[in-house]
Amino acid sequence: MKEPDGDATGSRPVRVRVTAPSTRSASDLSALVRAQSIREEELDRDRCRRLVRQRLRLALVCAGSFAAAILAAATATSFFAAAVDPLPIHWLVLCAVAFAAMLGSASWFIHASNALDERFSRQRDGDGP
Amino acid sequence: MTTQFAWAAIGCVIVLSTVAGVRGLSIARSTSDFYVASRGVRPWWNASAIGGEYLAAASVLGIAGLFLGHVEDATWLMIGYTGGFLVLLLFVAAPLRRSNAYTVSDFAQARYDSFAARRTFTVCACIVCCLYIVPQMHGAALVASMVLGVPPWAGPLLVAAVVAATVLSGGMRSITLAQAPQYWIKVASLLIPLIVMVTVLASQGGNVPAREIALQQADASRSPYWTVSLLVALLLGAAGLPHVLVRFCTSPDGRTAQRTASLVLLLVGAFYVLPIAYGMLGRRFAGKATSPDTLVLVLPERIVGGTTGDVLTAIVAAGAFSALLATSSGLIVTIAGVVSQDVFGADIRGFRRAALVATAVTLGVALVTDSARLTDTVGHVFAFSASTLFPALVLGIWSRTVTSYGAIAGMLTGATLVVASAVAWYALDRPTGTFGDLLAQPAGWTVPLVVAIILTVSRLDPASRSRLISTERFLQQIHTPEELPIPHSSGLKT
């Protein structure tokens, strides 16, 4: 029977010693991987928590700005109450200010929220601080 | 003559809705189509559909009528109805969509990991939808008796028949196709008569005699509590309405849901220019005997008159009927969605059975109850939603420590207090003064109380610590942008 790994000159193939890694080093490697995974998990969790906090703060600031605008407009229009027959015009002014404040708050929130998402993505990809 | 034109105009709306339903039937095949239109509805279409669904009879018929003596109420109602979408955008839209829930009950189960919380959400959602749909049916009775020349009961029956046909055929897929055009029908139906009326007035050089100044009473000033409480109810209640929330589950992703909410803000705000214009005209030309809820319907005949006036009245009636259909169909889909999963089985057959039962029950309730003023009735629905669904939903989205017991305790308290207040207010014949304000506008004191109860009970609940990790994973899922892989996703699958 021919030696399967032999060459034409009939020399013996180079013996390669194959040994299983020791149990101790395998467990070390596993622990290392596990520890790294846990660290990444914690890092992810911290980033997510930070994202949630930042988004909540942003939402509260936008809502507060809207409320402040409404309050200011309501107070101002109550001082300058005027009627153009047949409608008290100050209520229309209040409506217009409120609508503008809503749209302004909404666009601010969407813009800032997208920026938060992008920063979060960059951090997750390791490109950012 | 008005009757024939009105039948023709309303017939067109019915045909359009039915065609959309049939079209939906040819597209809708999966359960996901029936519940959330397979989450493929783009922002403009979805925003139009939400506008069609949200701007109900109270907005189309009721708001303009308030200008006859309650301009302050009308102003705050418009600000609150519109501003609710800002609250929804800021606190709810994207996280709700990212939870992959089909209904608010699904969200409750995924977040609180509790069937009891799910059932509580289901019951509250059904109450909100039923309370909301009954005034729509009353509005249908009003339109039917005023412009169609049929008995009042025929209006709700007609609405129920069309809604059942649309919803049964293709669920959310069908009504999305119907509701988006219905928003634009509503806008056109108020805008076209308005342009004609203004043109007629301008051509006569302002020489049209005012009937009598239509103010039914001087513009009464409201207490600061009343105003704040009304705004709390509207802003938070709108963000907790289940039929509006479920529409955000049809968006492809969280970012699209945010964009949809901002577009709705624009569309709803733009729509309210029309009731303001009608209100201004109404204060001058409507006549003292005009009922606030019928102002929009009678104004074209009063100002233009003749055949043109009849045609314009018919167009306005079609718009009002379109509002009734759009809102009712959205509400029926929402009830069917939450009920079918818990009672009839979460498949197409169960959905259809639930829709049929929901339509029959709400029709029955509408036929045996009297119509209060539209804006009053809807106001209590917003207070209920703000005191039950909204706090449990928002605290569930933003707080890690809120537990199912806390949410349930808060919702039950809120529901009990708001219902008791509304019943007492009607039973005592609408009392005035501070006590009357507390009963008429309960949200100002019920919402803070409910939030306090949810937080306190959750803090005392021993499960709050043991479930912290799973809750945190869920919150990670709903707050993380979609394009990223979620490392430890535990929420629902699409």
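Predicted model: local features only at pLDDT ≥ 70, side-chain atom pairs only at ≥ 80, totals over all residues.
Let us start with the interface. On one side, 40 residues of chain A are in contact with 41 residues of chain B. Together the two chains bury about 3,500 Å², and 74% of that area is on carbon and sulfur atoms. There are also charged links: three salt bridges are found across the interface. One of them joins the side chains of Arg49(A) and Glu472(B), at 2.5 Å from N to O. Which parts of chain A touch chain B? Helix H1 (23-79), strand E2 (87-88) and helix H2 (89-125) each supply at least two residues. H2(A) gives the most, with 20 residues. Sorted by class, this side of chain A has 26 nonpolar, four polar and 10 charged residues.

Now for the rings. Over all chains, the count comes to 11 aromatic pairs. In one of them, Trp91(A) and Trp76(B) have ring centres 6.4 Å apart and planes at 75°, and because edge-to-face pairs are those with planes over 60 degrees apart, this pair is edge-to-face. Trp91(A) lies in helix H2 of chain A and Trp76(B) in helix H5 (residues 71-91) of chain B, so the pair joins two chains. Trp91(A) is buried, at 15% relative accessible area, and Trp76(B) is buried too, at 6%.

Within chain B, Trp425(B) and Tyr426(B) also pair edge-to-face, with 5.3 Å between centres and 65° between planes. Here Trp425(B) is buried at 10% relative accessibility, whereas Tyr426(B) is partly exposed at 34%. Finally, look for one aromatic cluster whose members include Tyr54(B), Phe85(B) and Phe382(B).

Conventions: Residues numbered from 1 in each chain as written. Chains lettered and ligands numbered in written order. Heavy atoms only, no water. Contact = heavy atoms within 4.5 Å. Buried area = accessible area lost by both parts, 1.4 Å probe. Salt bridge = Lys/Arg side-chain N within 4 Å of Asp/Glu carboxyl O. Helix = DSSP H or I, 4+ residues; strand = E, 2+ residues; numbered from the N terminus. Nonpolar A, V, L, I, M, F, W, Y, C, P; charged D, E, K, R; others polar. Phe/Tyr/Trp six-rings, centres within 6.5 Å; stacked < 30°, edge-to-face > 60°. Buried < 20%, exposed > 50% of the residue type's maximum accessible area, 1.4 Å probe, protein only.
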